[in-house]
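Please read it alongside the sequence and the model.

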Amino acid sequence: MNFFQHECYLHARVPRIDRGDNKPRLISPPWSGRLSGFTLLFEAFLIQLCRSMPVHHVNKLTGTSDHRLWSLLELYVDTARRDEDYSEIHTVGMDETSSARGHEYITLFVDLEEKRTLFVAEGKDSETVKAFVSDLKEHDGKAENIKQVSCDMSPAFINGVREELPEAQVTFDKFHIIKIINEAVNAVRKEEAKTNPLLAGARYALLKNESNLTVKQKIIRGRLCLPGLNLKPVRALQIRETFQQIYAAPSKEEFEARLKKWYFWATHSRLEAVVKAAKTIKRHWDGVLNWKESQINNGLLEGLNSVIQAAKRKARGYKKPHFKTMVYLLTGKLDFTTVNKACLPT
């Protein structure tokens, strides 16, 4: 272990024992790490560094090879995960994130109550849910215990939950729904901008929430919203803003009543992209309504995803097995003190 500019190595004669089979065994000293050649303190130090910077940078800082560092991380992550107890897991969020270029994805399964990643599955199809349920059982959890699932409107996710989590009610993530409507607003804007120069440079003035607008964008929006113009993108914007207000309804009955009125307005707007978005919501009606009772969404997953992607950018990418290890390290809230008491608790 390095002490400032000085490297420190421990040299010790450790005892051996002969168990009568002519194969002497070394007795590990109490300070010996889980990986040969490291102390427990040095391993705890490496784990902490790898949580804060790319593995290759830790290699340069400590003189430990990338291969040894990944072996250490995988050993600690796998050992800590074996001790995890999922018997009290009831509410789960699921979402995909890119693991590499070329449309390679992993799916994260997150405990929305404890705010931690439970499982990482390769791909983004219905098989990911099956893999999650298998891992859940290995950690004393039960598929029947999962009562609420938050996800996007991916048919693969919906089918996977229906087949593998029979007791779970699906809540469609409201941020994903609003994204669909926002894409419809943008589609209307782009179509109208082909013939109307007033819409040049107005993209973010129309797509952002009013509270997030810059001073310049507020001026642009105010100019576009003048009553005499009657611009199609402004009508689409009003439909989106009204949809966002539906979530403030005091009860599920009121929520559904407002949603029905909004659906009628959207489907009679004569804005093709908006009509298409409204019909998408209609096909997933129950999952949209279920939000009023579950009050769950994938905002937490978006936050965890940003942490993961930031780490990936700093490291300039990871190999697939290493990427999964890093996801658990950064977002799994694993208790490494069960592996090494010198590790800092999460």
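A salt bridge is a side-chain nitrogen of Lys or Arg within 4 Å of a carboxyl oxygen of Asp or Glu. This is a predicted model, in which local features need pLDDT of at least 70 and side-chain atom pairs count only at pLDDT 80 or more, while totals for chains, interfaces and linings use all residues. Residues are numbered from 1 along each chain as its sequence is written, and side-chain values use heavy atoms, with hydrogens and water left out.

## Salt bridges

Side chains of opposite charge can pair when their charged atoms come close. Nine salt bridges are found in a search of the whole structure. One of them is formed by K260 and E256, at 4.0 Å from N to O. Both residues belong to helix α10, where they are four residues apart, about one turn of the helix. Helices (H or I, at least four residues) and strands (E, at least two) are DSSP runs, numbered from the N terminus. E256 has a relative accessibility of 26% and therefore counts as partly exposed; the classes are buried for under 20% relative accessible area, exposed for over 50%, and partly exposed in between, with a 1.4 Å probe and protein chains only.

Helix α10 (residues 252-267) also supplies K252, which pairs with E293 at 3.5 Å between the closest N and O atoms. E293 lies in helix α13 (residues 291-294), so this pair ties together parts that are 41 residues apart in sequence. K252 is partly exposed, because its relative accessibility is 28%.

A further salt bridge joins R116 to D111, with an N to O distance of 3.8 Å. Both R116 and D111 are buried.

## Strand pairing

Strand β5 (residues 91-100) is mostly covered, with seven of its ten residues buried. Strands are taken to pair if DSSP finds at least two bridges between them. Eight bridges link β5 with strand β6 (residues 104-111), and the two run antiparallel. In this pairing V92 stands opposite D111 of β6, and D111 also takes part in the salt bridge with R116.

β5 also pairs with β8, in the parallel sense, over three bridges. Here T91 faces Q148 of β8 as its opposite residue. Strand β8 (residues 148-151) is in turn joined by four bridges to strand β9 (residues 169-172), again in a parallel arrangement. V149 has V170 of β9 opposite to it. Between β8 and β9 the chain passes through helix α5 (residues 155-164), giving a right-handed β-α-β crossover. The term right-handed applies if, with the strands pointing away from the viewer, the path from the first strand over the helix to the second runs clockwise.

## Cysteines

How many disulfides does a search of the whole structure find? There are zero, where a disulfide is a pair of cysteine sulfur atoms within 2.5 Å. For C50, the closest cysteine sulfur is that of C343, 11 Å away, which is too far for a bond. C50 is buried, because its relative accessibility is 2%. C225, at 34% relative accessibility, is partly exposed.

## Loops and surface

The loop between α8 (215-224) and α9 (232-246) holds L226. Together with L198 and L229, L226 makes a nonpolar surface patch of about 230 Å². Patches are made of residues with over 30% relative accessible area and no salt bridge, with like charges joined within 9 Å and nonpolar side chains (Val, Leu, Ile, Met, Phe, Trp, Tyr) within 5 Å. The accessible areas come from the Shrake-Rupley method with a 1.4 Å probe, and for residues only the protein chains shown count as cover. L226 has a relative accessible area of 47%, so it is partly exposed.

N230 lies in the loop between α8 and α9. Its phi is positive, about 50°, although N230 is not a glycine. N230 is exposed, with a relative accessible area of 54%. N22 likewise has a positive phi, near 60°, and is a residue other than glycine. N22 is located in the loop between β3 (16-17) and β4 (25-26), and is exposed at a relative accessible area of 69%.

Helix α8 contains K218, which is partly exposed at 47% relative accessibility. The C-alpha atoms of K218 and V327 are separated by 39 Å, with the two residues 109 apart along the chain.
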